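Hi everyone, thanks for coming. I'd like to walk you through a few spots in a structure, so please have a look at it with me.

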Amino acid sequence: MSGQFGLLKTRRFAPFFATQFLGAFNDNLFKNALIVLLTFQAASWTTLPPELLANLAAGIFILPFFLFSATAGQLADKYDKAMLARLVKVLEMAIMGIAAAGFALHSLAVLMGALFLLGLHSTLFGPVKYAILPQHLHEEELVGGNALIEAGTFVAILIGTLAGGLLAGSVAHPAWIALGGLLVALAGYLTSRGIPGAPAPAPELRINLNPISETWRNINFARQNRVVFLSILGISWFWLYGALFLAQFPAYAKNVLGGGENAVTLLLATFTVGIGLGSLLCERMSGKHVEIGLVPFGSIGLMLFGLDLYFASPVGLVGHDAHQLLALLSLPAIWRVLFDLMMLGVFGGFFIVPLYALVQIRSAPEQRARIIAANNILNALFMVVGALSAAALLGAGLSIPMLFGIAALLNALVAVYIYRLVPEFLIRFMAWLLIKAAYRLRSTGVEHIPHEGAAVLVCNHVSLVDAVVIMGAAPRPVRFVMDHRIFRTPLLNYIFRHGGAIPISSAKEDPVLMEKAFAEVSSALNNGELVAIFPEGGITRDGELQPFRPGISRILAANPVPVIPMALSGLWGSFFSQIDGALMKKPFRRGMFSRIALHVAPPVPPEAATPAHLQVIVGRLRGPTK
């Protein structure tokens, strides 16, 4: 994890991270301080009941996301994002001044206006927050950068919430709350001045102030790329799911665990630490590229630990008085609850970090901020729908543990729906499992695989799962040309078919299928895709490199694109290299969890990519068989 923490030492990330952290901290400091103040001193401010005030404050804070996200996205695409970050911080300081006036005048309306403006501040910063990362970070740093942002955001939320509650209960006059917020906003402005410039990708853009038409337009931008749009839906579902759990913590701590305010803090801290830990682990588990195979892994954990929280929730702990925190921690049942919450956070990090990174890299740069604005709108909509649905179910008599169980089951249904529409997530998950769980893959030179544009990958062929291993290591989808018999291998066929593999046969066996395969390869390269071939024509039967066939020359004659030589080692002698009865009788020289390697060479120009030359390069990359 040292790689991602190294970003905190760079000027292109550290000032932005600090600015974002302080902004999230300040939002929650003021919001929670105001809610605590109104909850315990409601009679001196209004005749409204405290429960209504708390929900009113939450609604007022989230309303700007619906009204101004579309405009915020346009601004972030039209103007320099570093400049916008500084202007937003100036606005934040002005908002704290308005809050101070509200406390001085003892005016609830002014305070609610300040809370609305603070929501506007978060709305304006949202598109800047995620759209600036691809401009300042390299592709291999995006996962680590997003992980730090997510971890920092949740830690800031936790600390800000705790600090707001403590501030509201300890200061002699509530105006000190606004002063504290002003100092944090000033610190945020100072850090924002260190953010490097992030030039506008669409300076000619004309601002449309109609939130309805522009929101719909931004959503249509996102829908142009199916993977991006479904990733946004996945992110929005996570916020619904997470917000549903967080909203129940006070009532769950009191009515299920029988605890007090300290128990609520413990639940919130456990979940937050889990999110941070899961986010930070993403870089190590993904190999520093955007590994969407972690998304299904995350959704599985969200379902399993959500269900286990339902079963783990104790019965009979509620008494006349709230239990002390140490008394609760002495009970084994509480530790199971805390473990479930921690793992919900960890797997939530696995789920959300790759999705944010995927939206960033697959969105058109000139529309990226507006697509992220659409994401923010849908996030807010999903959270509101989730809150209303939870309130309705609880009002109908459903218990909080049952609500958690139902949410976990719905999470499974949402996951199945998304993965059926975009099998790429599930395919990458299977490939990731193979290279992380079944084997230990070491890859070198993967940066030579282009992140965009057409290219042909050529590799030696040693096992049935060569394509899956390459698929798991490559930073983007790859279309594999493979023997039609391997294409039809049970279980693996699902991965090959949904991954767009192209079955081929020899001219002697099926000339029609061969011609169809070459035509599909040409079409894929014309569309800017990556195509991978195994020029030996089949799996090696003795572990040695076989002569390369001339198919690569025919491909390059029709589509002169760069060729990326690569070599696999370590798979020969494993279960997956046993391809016929004679070989199956031989003992496996390599078992599961053994080390395998993928070495990638720099691109070879099409005019130099002859079969003989490529065979020499692959042979050098592979090294000796034994």
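Before the first spot, a quick word on angles: helix axes here are lines fitted to C-alpha atoms over the stretch in contact, and the angles run from 0 to 180 degrees between N-to-C directions. Please also keep in mind that this is a predicted model.

Let's begin with a pair of helices. H7 spans residues 139-170 and H11 spans residues 261-286; their axes come within 8 Å and cross at roughly 170°. Angles over 145 degrees count as roughly antiparallel, so that is how H7 and H11 run relative to each other. Which residues make the contact? On the H7 side they include Val143, Ala147, Phe154 and Leu162, and on the H11 side Leu268, Ile275, Cys282 and Glu283 are among them. Sorted by class, this contact has 13 nonpolar, seven polar and two charged residues.

Next, a loop. Leu491 sits between helix H19 (484-487) and helix H20 (492-498). Is Leu491 buried or exposed? Its relative accessibility is 78%, and the cut-off for exposed is over 50%, so Leu491 counts as exposed. If you look for Val478, you'll find it 13 residues away from Leu491 in sequence, with 19 Å between their C-alpha atoms.

My last stop is Arg622, which belongs to helix H24, residues 611-622. With a relative accessible area of 16%, Arg622 is buried. What does Arg622 touch, once we set aside neighbours within four places in sequence? Its contacts are Asn460, Gly543, Glu544, Leu545, Ala567, Leu568 and Ser569.

How values were computed: Residues are numbered from 1 along each chain as its sequence is written. This is a predicted model: local features need pLDDT of at least 70, side-chain atom pairs count only at pLDDT 80 or more; totals for chains, interfaces and linings use all residues. Side-chain values use heavy atoms; hydrogens and water are left out. Helices (H or I, at least four residues) and strands (E, at least two) are DSSP runs, numbered from the N terminus. Angles under 35 degrees count as roughly parallel, over 145 as roughly antiparallel, 65 to 115 as roughly perpendicular and the rest as oblique. Contact means heavy atoms within 4.5 Å. Ala, Val, Leu, Ile, Met, Phe, Trp, Tyr, Cys and Pro count as nonpolar, Asp, Glu, Lys and Arg as charged, and the others, Gly among them, as polar. Buried means under 20% relative accessible area, exposed over 50%, partly exposed in between (1.4 Å probe, protein chains only).
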